[in-house]
Amino acid sequence: MSNYNLTHLDELESESIFILREVFAQFENPCILFSGGKDSIVVTHLAKKAFYPAKIPFPLVHIDTGHNFPETMVFRDQIVADLEVRLIVGLVQESINSGRSKEERGKTASRNALQTNTLLDTIDLHQFDACVGGARRDEEKARAKERFFSHRDEFGQWDPKNQRPELWNMFNGKHDQGEHFRVFPLSNWTEMDIWQYILAENIQIPSLYFAHLRKVIRRNDTWLPISEHIHLNETETPIQKKIRFRTLGDITITGGDESDADTLEKIVDEVAAARQTERGNRADDKRSETSMEDRKKQGYF
Amino acid sequence: MNTYLEMELLRFTTAGSVDDGKSTLIGRLLFDTKSIFEDQLNQVERSSHRKGLAQADLSLLTDGLKDEREQGITIDVAYRYFATPKRKFIIADTPGHIQYTRNMITGASTANCALVLIDARHGVVEQTCRHAIIASLLQIPHLIVCINKMDLVGYQETIFQKIKINFEHFSSKLDITDIRFIPISALNGDNVVNRSEEMSWYEGSTLLYTLENLHIGSDYNHIDCRFPVQTVIRPKTAPYHDFRGYAGRIAGGVFKPGDEITVLPSGFTSKIKSIETFNGPLSEAFAPMSVTIHLTDDVGVSRGDMLVRSHNQPDLNQDIEIMMCWLDNKAPHPKSTYIIKHTTSEAKAIIKKIRYKLDVNTLHRNVENLNIGMNDVARVQLRTTKPLLTDAYRKNRTTGSIILIDESTHETVAAGMII
């Protein structure tokens, strides 16, 4: 007599694959929002498994702020070549040049919030009706309220108080012309699940996630990487530190942790012992208690 | 290290309102399993301080939206995650008030287990019954009754026993076989994660131990083979020129290569050639696995079809009896046609007959007032434009459930459990 039990990772994987296949079946023109971070890499890996031996039937969309880690860009181009998928890039710089978006000023200026306009314009230009993203409910309290299939009106806005109930495994992707859905196959995954899965499946990820030596400064309780986009105070002197990144966003807002974890096994152990959330090092979330909810309502990832 | 990879997943739901200690209990579970991070706790402490509270209000952890935090209530379903070395847990945390019945039903729809909280000072009240009735309606296999605030009744065994007997008297009317009772104090942590030193008379397990050890292997139907086809995979590349795979998630039973199957509704028969995944072919597949099935014959199969074992088939029905929960703030219109979704298939449906409304506090069947509004639960008959391949909900939660969608607003307006 077999034991008909799945492990938690098998069950999460099966759920995510089901969602990705629903996206393919219910929408005409879906895409995967690909940032080069671990969550969008896992979503892409799951899509590869969901449609095997066919190729992933969606293009990857990268909203490029121009403030990237160079390692992320190399990784992105490699994965696109390996999977033979189409890459669509939306450039924040173009939104700025055209006057659609306005660059923030000051020392803490970032292009994080500017991504929203570029994202919505890219969705509109390519007429995407479903954008698959790697957001997880355990990341942030506004994201804990997200549906798997999350409706966006014709302005790309999220109305958190008026969401469609989602029961069992039934997903309602009905929409009018011009509206779209954000779909989150990793909703039920935690940071720990992601790392265990990357380890179990031996998924390639950017070297930035592993402990490495880097020039950094100490700012807002985190180690911020030195790049051409960072403005230093007179008091700030770059030093060499062994760090790794728990999340990857723009190079201007992503802080690193001191770490010796240079293998996936060590990362899993480190995550298991972590006492801070992974987004604690993200300047974009520190602006106010509702910064994620406010950005999401306007159409952010 | 390897223990992390061998965990099972348990989904449980809680329902509760402001005073019954639900948030404290969830906070306690997260706290004592070290699932709350320091920066989250700091944020809660800052917010509590701003609101003038002396203690950290752990409900601020679960209430995610600005309006919820400002009003101090849970409006929506919030999902929380924690893990022990044995299991990963998903909590669907829902409000408990009658006007949020639809949220409770949503949270309960995917749960293996329901936690029902009883205040030891008040015993079994209307809300207790409502939560248990909803758990029974949604066929949650396991019910854990936590008799909370034992610290406020001097940890007396007689009080626990009296409440247990009262609940058992009421629950004999319900359709739940596995019911357990645990005396706890969420505030002090008694019998939540650690055993209580105050209640040596209690010989059962703590709440966490119970959650870690509930037998959930048989929660899925492993007898009646059901494979609703999601999509057809055709790579159209040279090495896979003739590849034609039916992708889907197994809804019931165990499928093996060589099995004789029937494709419904067409009735064509064939054999399973192989069961494929990215990691290679499988010798068997069962619910809830996502796989791709190959047949030996080239029979026409598309989304919405179902592969079943030839000698064990679902019902084929255009008149479908359901227990329905109305989810929309606009009442159903007697003449309206709705889109009905059932597994991966879709049709149109009308609500043909409303047989009775069910009082979710008492199970009373109301045949006088049949006006349905948001949060009402009613037994109705649907008529669909094409036959659906259904099982009773109590036999299979996947092939036994439907949703109705409004054709013009596209809102999900009703959820139904097939009788």
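Guide: What follows goes through the sheet, strand by strand, and then the helices on it. This is a predicted model, in which local features need pLDDT of at least 70 and side-chain atom pairs count only at pLDDT 80 or more, while totals for chains, interfaces and linings use all residues. Residues are numbered from 1 along each chain as its sequence is written, and chains are lettered from A and ligands numbered from 1 in the order in which they are written.

In chain A, 6 strands make up an open sheet with mixed pairing, ordered β3-β2-β1-β4-β6-β5. Strands here are DSSP runs (E, at least two residues), as helices are (H or I, at least four), numbered from the N terminus; two strands pair if DSSP finds at least two bridges between them. Strands of a sheet pair through backbone hydrogen bonds, either parallel or antiparallel.

The edges of the sheet are β3 (87-91) and β5 (149-152) of chain A; each has a single partner strand, so one side of each is left without a neighbour in the sheet. On average, neighbouring strands are turned by 30° against each other, direction ignored. β5(A) runs antiparallel to β6 (residues 180-183) of chain A, and 4 bridges join them. His151(A) has Phe181(A) in β6(A) as its bridge partner.

Helix α2 (residues 38-51) of chain A lies across β1 (30-33), β2 (60-64) and β4 (130-132) of chain A, at about 140° to β1(A). Such angles run from 0 to 180 degrees between N-to-C directions, with axes fitted to C-alpha atoms, for helices over the stretch in contact; contact means C-beta atoms, placed from the backbone, within 7 Å. Helix α5 (residues 115-126) of chain A also packs on the sheet, where it touches β2, β3, β4 and β6 of chain A, and its direction makes about 135° with that of β3(A).

Definitions and conventions:
Two residues are in contact if their C-beta atoms, placed from the backbone, lie within 7 Å.
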